[in-house]
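Dear colleague,

Please find below the structure that I am handing over to you. My notes on what was found in it follow directly after.

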Amino acid sequence: MIMTTFAEALDFRGKTVHPVTTYAMSGMGTTERDYAASCRGATIAEGLAVRGEEVKDADTEVEAWMRRTGLPAP
């Protein structure tokens, strides 16, 4: 769980975290719950899960998610 180790070493107080993950079967699975536990003090906002085989063609999905969540889209 490299991302857990990474996140636990940082100070997320007052920050917003949008989890992003790739998957084969489980979608977001427990990603949001795991980040909430690892990123203490953060607000966990809407995440994005993209099927691993579809990553190279996910531009439209990623850009729509970024607009929907208020993140700066390319």
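**Salt bridges**

Glu46 and Arg68 form a salt bridge, with their closest N and O atoms 2.8 Å apart; a salt bridge here is a side-chain nitrogen of Lys or Arg within 4 Å of a carboxyl oxygen of Asp or Glu. Glu46 lies in the loop between strand 3 (43-44) and strand 4 (48-51), and Arg68 lies in helix 3, so the pair ties together parts that are 22 residues apart in sequence. Helices (H or I, at least four residues) and strands (E, at least two) are DSSP runs, numbered from the N terminus. Glu46 counts as partly exposed at 35% relative accessibility, and Arg68 counts as exposed at 52%. The terms are set as follows: buried is under 20% relative accessible area, exposed is over 50%, and partly exposed is in between (1.4 Å probe, protein chains only).

Please note that this is a predicted model, in which local features need pLDDT of at least 70 and side-chain atom pairs count only at pLDDT 80 or more, while totals for chains, interfaces and linings use all residues. Residues are numbered from 1 along each chain as its sequence is written, and side-chain values use heavy atoms, with hydrogens and water left out.

A search of the whole structure finds 3 salt bridges. Side chains of opposite charge can pair when their charged atoms come close. Arg13 and Asp11 meet through their side chains at 2.6 Å, N to O; Arg13 is exposed, with a relative accessible area of 63%, and Asp11 is partly exposed, at 45%. Arg33 and Asp34 meet in a salt bridge at 3.9 Å, N to O. Of these two residues, Arg33 is exposed, with a relative accessible area of 59%, whereas Asp34 is partly exposed at 25%.

**Helix 3**

Which residues of helix 3 are buried? They are Trp65, Met66 and Thr69. Seen down the axis of helix 3, these buried residues fall within an arc of 100°, so they line one face of the helix; the arc is that of the directions from the helix axis to the C-beta atoms. On the other side of helix 3, the exposed residues are Asp59, Thr60, Arg67 and Arg68.

Asp59 belongs to helix 3, which covers residues 59-69, and has a relative accessible area of 51%. Val62 is also placed in helix 3 and is partly exposed, with a relative accessible area of 27%. The C-alpha atoms of Val62 and Met25 are separated by 19 Å, the two residues being 37 residues apart along the chain.

**Surface charge**

A patch of negative charge on the surface gathers Glu53, Glu54, Asp57, Asp59 and Glu61. Such patches are made of residues with over 30% relative accessible area and no salt bridge, like charges being joined within 9 Å. Asp and Glu count as negative, and the place of a charge is taken as CG of Asp or CD of Glu. Accessible areas come from the Shrake-Rupley method with a 1.4 Å probe.

**The chain as a whole**

The protein chain has 3 helices and 4 strands, which run α-β-β-α-β-β-α from the N terminus on. Its C-alpha atoms fill a box of roughly 35 × 25 × 15 Å, taken along the principal axes. Of the 74 residues of the protein chain, 28% count as buried.

Yours sincerely

Note on methods:
Patch = residues over 30% accessible without salt bridge, like charges linked within 9 Å, V, L, I, M, F, W, Y side chains within 5 Å.
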